[in-house]
Every structure is written in C-alpha cells, then in structure tokens.
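Hi everyone, thanks for coming.

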Amino acid sequence: MEHKIRKLVSGGGIVLLICLLAIFPVCGLNIMVFEQTDRTAPIPQALIYTNGEYAATTNENGTYNLSYEGYPPALRIAKAGYRDWTGKPLVNDTLLLVPLQIRNCTYIIQVFDADTLLPLPDIQVKASLPDGTTRQNRTNSNGTALLPLRTEQVYDLTIAGGTYQTIRDKLVTRFEDTAAQYSMIRSDRISLHVLDADTKHPVADVQILTDGKDSGKTNAKGILITNMSRGVDHMIEARSPGYEKTILQKNPGEEDLILDVVLVPLKSTVFVSVYDPAKQPIEGADVRIDGNSVGLTTQYGRISIPDLEIRSYLFSVSKKGYKPESRSIDLTSNNSDIIFDLSPDLISVPVLIRDNQSKSLSNASIMVNGSQVAVSNSNGTATLSLIENQTYHIGANLSGYLQNNTTIIPPVSSPVILVLNPKEKEKTATPFPWIDVGIIILVVLVLLGILYFRGGGKRPSSRAKKRRIDLRKRSL
C-alpha cells in the first residue's frame, strides 16, 4: 500500500511540473550591451542584475544569454564609467539591446613654472586609456587646460612643451570634477636643495660654488637653481656659517631634477660660569638653553655644555635667592665661556630693639655678620634687606646697654626682636679724706699758736728748769 502511494505522489509531481512549465515556460533573452556614442562598441564585463539581484556579467562581446521563467524580470545593467541602464523586456522579446551612456567628468589641469611659479601657456596636456581612447588639450594664458574624461577610469597623463621636462602621471577619475596642479622644471636647469644633516630642515643663504664659480645663495626654502649640463661631472661646494664646508662631485642624469646637498653643523663646547656680586661662585644654579634645563653649576659655579651647534641660543640662569638672568647669545667658535653675574633677590626683614622693660630703643647700632648696616629709628625699628635661605648673625648695641645677638635664616615669619639689658653702675673706691685731715691739723696749729702767743712767746726760765730737775731727783 505504501509503495503505491509513493508512485502516485511521484507521478503527481511530474504532472505538476508539466503543468507549471505549460503555464510559465522557460524563456531565453539575449542581452547585448554597447556604448552609446558615435561609434558602437560592445561593453564587456557589464554587470546584469535581475529583480535587484546580481545575475551575470557580459562576455568580451558585450553579450549574455539570460534564461528566466515566467514573466520577464526587471533588469539593471551597470558598468564603471557609464550611467546605469534600467528596464524590463517584453514577454516575447528574445533580443535586448542595452545602450550605456558614458559618464563624464571634467579634469582641470593647472601648469606653472617650478622656479618662478608663473603659469605656463601652450603646454600640451594629454590623457589616454589603455584601449587607446585619448583626450588632449593645451593650456591657456592662465596655464589651465580642461579635459573631459570618463569617470572611474585610470588615465595615463602626459604634460609636455617648451624647454620643460615632460611630466608623466596617473589620473584616477571620480564622479565629480577634479582639479590638479603640476609644476614643470626647465630641462636645462638643476635645483640644488641644501638640508641640515641633523634636522633635515632647509638651510637658507648658503653660498654655492659650481665648478669653482659662484652660483649664488639658496633661498628661504634652501633651494638654488643652477645651469648645469647633464651627463657631465660637476664639483659643487657649499659654504655657510655654523656648518662644515661641503664639497660634492655630481653627474646629473636626465631624471635628476633636484640634487640634495647635506650640511653638517659645527659643534662647540660651552662653559657657563655663575657668580654673585662679590665674584663668589654660585653652586646649584639651574642653567637652561632655549627653556630646557642642561644641569646645575658645581661648587665652582661652572657647568660645561658639549655639542652645541654654532647658532643663536637663549641662555637662562636661576638660583633661589637670586634674580634670574636670561641672555640671547650667538655662538661662535670663540665664545666658549659665558659668564653670568646674579644679583641677590633681597627680602625685607624687620628688626625691633627693646630694653628689658619693652621700651623702644632708638639710635641702636644694628650689625649683620659683624658689620653695622642700620640704626634703629625713634620707634626702635629698622628694616634689613637680606638674601633668602642664607644664615645671618644679627646684633645690636647701644651705650649703657649690653650687646645682644641672634642668628636667623630668612625668610622669617615675624620681626626679629633684640632685647638690650642696661649695664650695672660701677662702684667707685672712697678716697682718703685729705681735706678733712688738713683742716684738723690746721685747727690744731692755730690753737697751739694762740697758746704760744698768750705765754709771751718766751722760753721757760732757768729757775723753772731747775725746779723741774729737783722734782725729778726727789722722785728717785
């Protein structure tokens, strides 16, 4: 039973297929794609799309035999450089001719002299395709030529004319108009391009000698145009301050439009010395060249900087506590020693002089490191100008007071106060009272004189003397 059912289904499928073929027969359509111009040329490799999907590509004869079932499909034929074609064949069509229109754009070619930058008229500009199609024109008085070209194509471009070297290039066209500029170099001239060996930058004002004769100097772009014949040996000499003299032997060929000449910069070792106003070396000063630090000075206030090119530099020196200095210096082989004298960057330090009773003391001598530098005013104050971060011994003295000292390192957060204590009074020794003793002696002498004169001023008589002698004997 199952086997019979399979036979019926199989037989029914064949019948259904026959019915469909009867209703929708398989049709063939021969498509021929050609270029719609004054000459009819088949277009190979054109893309054929049916109902929006890629179907096939035309052969080298620009044809393709399309098979389809049922109603004819909607077609789109596309090819680079041509405008797309869209359409739908009729039911009974067996041949479809598809003309594709060329899609064009305008290429604007501008030609000028490479040396003078002036436009070059009457220069032939030609663009060619591999199939031999050519478009050409000549530049007008403004050095411009217009070429109508096909889009999405690669052209071989040739620019030639006059005494200029021929230019060959490739042009890839797009859908939009495009402009291009070309500079032509005279066939009887060779440009020398002088470059710095280190920076690769052009060097201006370089003196050029060719075969021993002065040819001039390079311009701002480092270029000098010379009249040197090709295929012959030439001696080229380049001179410029700050560079080593360069001598080259060149034999320019037909393709040599520009010859590079490389200059090696001269080098120099520079010593920078930094001193204070007393001509004492300053250690640890930061030395910079063009803003870049190159190191600190030694205890001798010096630093060596090797391999400097002979040119202009901005030297800067700074040290805390001193005013920074900057100087633009044109280095030569002779100025290997550069000296900077830094002035102190002074800060103000107030000093107050008081006694032990907090009374302001005026006219007090204020000393810094043993030397008097100021005198206190009526308010007992004075202002000192000192260098930051240096050690100072500050002292003050005043007649009748003991000297006081202190040590500071500016800057200080508060005024420096020096208190002077009064000196103790000296004890003097009591002198011998000569005056008083003299007066007493004088008084005694006066009294003795008075007694003497009251006694008559005579000596004792012999009788009295005898009486005294007798009294002595009796006592014995």
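Let's start with a question: is E35 buried or exposed? Before I answer, a quick word on what we're looking at. This is a predicted model, where local features need pLDDT of at least 70 and side-chain atom pairs count only at pLDDT 80 or more, while totals for chains, interfaces and linings use all residues. Residues are numbered from 1 along each chain as its sequence is written, and side-chain values use heavy atoms, with hydrogens and water left out.

Okay, E35. E35 is buried, because its relative accessible area is 6%, and buried means under 20%, exposed means over 50%, and partly exposed is in between, using a 1.4 Å probe and protein chains only. You'll find E35 in strand 1, residues 26-35. Strands here are DSSP runs of E with at least two residues, helices are runs of H or I with at least four, and both are numbered from the N terminus.

So what does E35 touch? Setting aside residues up to four places away in sequence, E35 touches T40, A41, I43, Y82, L100, I102 and R150. Contact means heavy atoms within 4.5 Å. With Y82 there is also a side-chain polar contact of 2.7 Å. A polar contact is a pair of N or O atoms within 3.5 Å; within protein, one must be able to donate a hydrogen and the other to accept it, and residues adjacent in sequence count only if both atoms are side-chain atoms.

Now compare G162. G162 counts as exposed, because its relative accessibility is 72%. Look for G162 in the loop between strand 13 (154-160) and strand 14 (167-172). G162 and D122 are 40 residues apart in sequence, and their C-alpha atoms are 8.3 Å apart in space.

Let's zoom out. The chain has three helices and 36 strands. Of its 476 residues, 33% count as buried.

Strands of a sheet pair through backbone hydrogen bonds, either parallel or antiparallel. Here, two strands pair if DSSP finds at least two bridges between them. Take strand 23, residues 267-275: six bridges join it to strand 26, residues 302-309, and the two run antiparallel. S268 has L308 as its bridge partner in strand 26. Strand 23 also pairs with strand 29, residues 337-341, in the parallel sense over five bridges. There, F271 has D337 as its bridge partner.

Further along, three strands make an open sheet with mixed pairing, in the order 33-30-36. Its edge strands are strand 33 (381-387) and strand 36 (416-420), each pairing on one side only. Strand 30, residues 346-355, pairs with strand 36 in the parallel sense over five bridges, and R354 stands opposite V419 in strand 36.

Leaving aside neighbours within four places in sequence, I353 is in contact with residues including I366, A396, L418 and L420.
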